[in-house]
Amino acid sequence: MIEQPGQTLTDLAQRLAMRLLPELNGAFYQADAGLITALLLALAQDFERAVDNRMRDVSEMQNLFAGAQQALRENGAGALAGRLQDFAGEQPDSLRLADVDRLHAAGFNLMIELHAWAEQHNPQLDKDIWLLLQRHCERNKFELPNL
């Protein structure tokens, strides 16, 4: 077992950047090593927060979907309202990232449908979706050093 996988990935990226990258000859090899370093650092950050961030998104989507159902039903979009209601009580099969990712993706697929509807029928819901997406982006942004 790797005790601190996120830190281990960060340490590998730093070793690559500080020890191997300067020894490489040629711009292509240096650029390639720099890209691998940045990806390792991003992976380390995502590893530490992946399940928490995705479950926060799911919770926010479930709350948004609960509030949107009545407006959908009143405007002839009962089928979509039903799918949103079905999603409201969903939880991942486990806290393994693959299971959380499946639920997260299902929620985002529903949100795309809801957003398309909201753009035409409900300006406040459209705004609320954009705000959720903004919070999602802020939660998931990467803080990478200049390499």
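Helices α2 and α5 meet through a set of residues: Asp 46, Arg 49, Asn 53, Arg 56, Asp 57, Glu 60, Met 61, Leu 64 and Ala 68 in α2 touch Leu 125, Asp 128, Ile 129, Leu 132, Arg 135, His 136, Arg 139 and Asn 140 in α5. Contact here means heavy atoms within 4.5 Å, and helices are DSSP runs of H or I with at least four residues, numbered from the N terminus. This is a predicted model, where local features need pLDDT of at least 70, side-chain atom pairs count only at pLDDT 80 or more, and totals for chains, interfaces and linings use all residues. Residues are numbered from 1 along each chain as its sequence is written, and side-chain values use heavy atoms, with hydrogens and water left out.

**How confident is the prediction?**

- The protein chain has an average pLDDT of 91, where pLDDT is the predictor's confidence in each residue, from 0 to 100.
- A score of at least 70 is reached by 97% of the residues.
- Confidence is lowest in helix α1 (residues 5-20), with a mean of 81, and highest in α5, at 98.

**How α2 and α5 lie together**

- The axes of α2 and α5 come within 10 Å and cross at roughly 170°.
- That angle makes α2 roughly antiparallel to α5, a label for angles over 145 degrees.
- Axes are lines fitted to C-alpha atoms, for helices over the stretch in contact, and angles run from 0 to 180 degrees between N-to-C directions.

- Asp 46 counts as buried because its relative accessible area is 18%; the cut-offs are under 20% for buried, over 50% for exposed and partly exposed in between, using a 1.4 Å probe and protein chains only.
- Arg 54 is also buried, with a relative accessible area of 15%.
- The side chains of Asp 46 and Arg 54 are joined by a polar contact of 3.4 Å.
- A polar contact is a pair of N or O atoms within 3.5 Å; within protein, one must be able to donate a hydrogen and the other to accept it, and residues adjacent in sequence count only if both atoms are side-chain atoms.
- Setting aside residues up to four places away in sequence, Asp 46 touches Arg 54, Asn 140 and Phe 142.
- Arg 54 and Asn 140 are 86 residues apart along the chain, yet their C-alpha atoms are separated by 9.2 Å.

- Asp 57 belongs to helix α2 and is buried, since its relative accessible area is 0%.
- Its side chain makes a polar contact of 2.5 Å with the side chain of Arg 139.
- Beyond its neighbours within four places in sequence, Asp 57 is in contact with His 104, Phe 108, His 136, Arg 139 and Asn 140.

**Helix α4 and its cover**

- Helix α4 (residues 97-121) has 25 residues and reaches 35 Å from its first C-alpha to its last, close to the expected 36 Å; that expected span is 1.5 Å times one less than the number of residues.
- Buried residues in α4 include Val 100, His 104, Phe 108 and Trp 117.
- Among the elements covering the buried residues of α4 are α2, α3 (78-88) and α5 (123-140).
- Glu 119 lies in α4 and is partly exposed, with a relative accessible area of 49%.

How values were computed: Helix = DSSP H or I, 4+ residues; strand = E, 2+ residues; numbered from the N terminus. Parallel < 35°, antiparallel > 145°, perpendicular 65-115°, else oblique.
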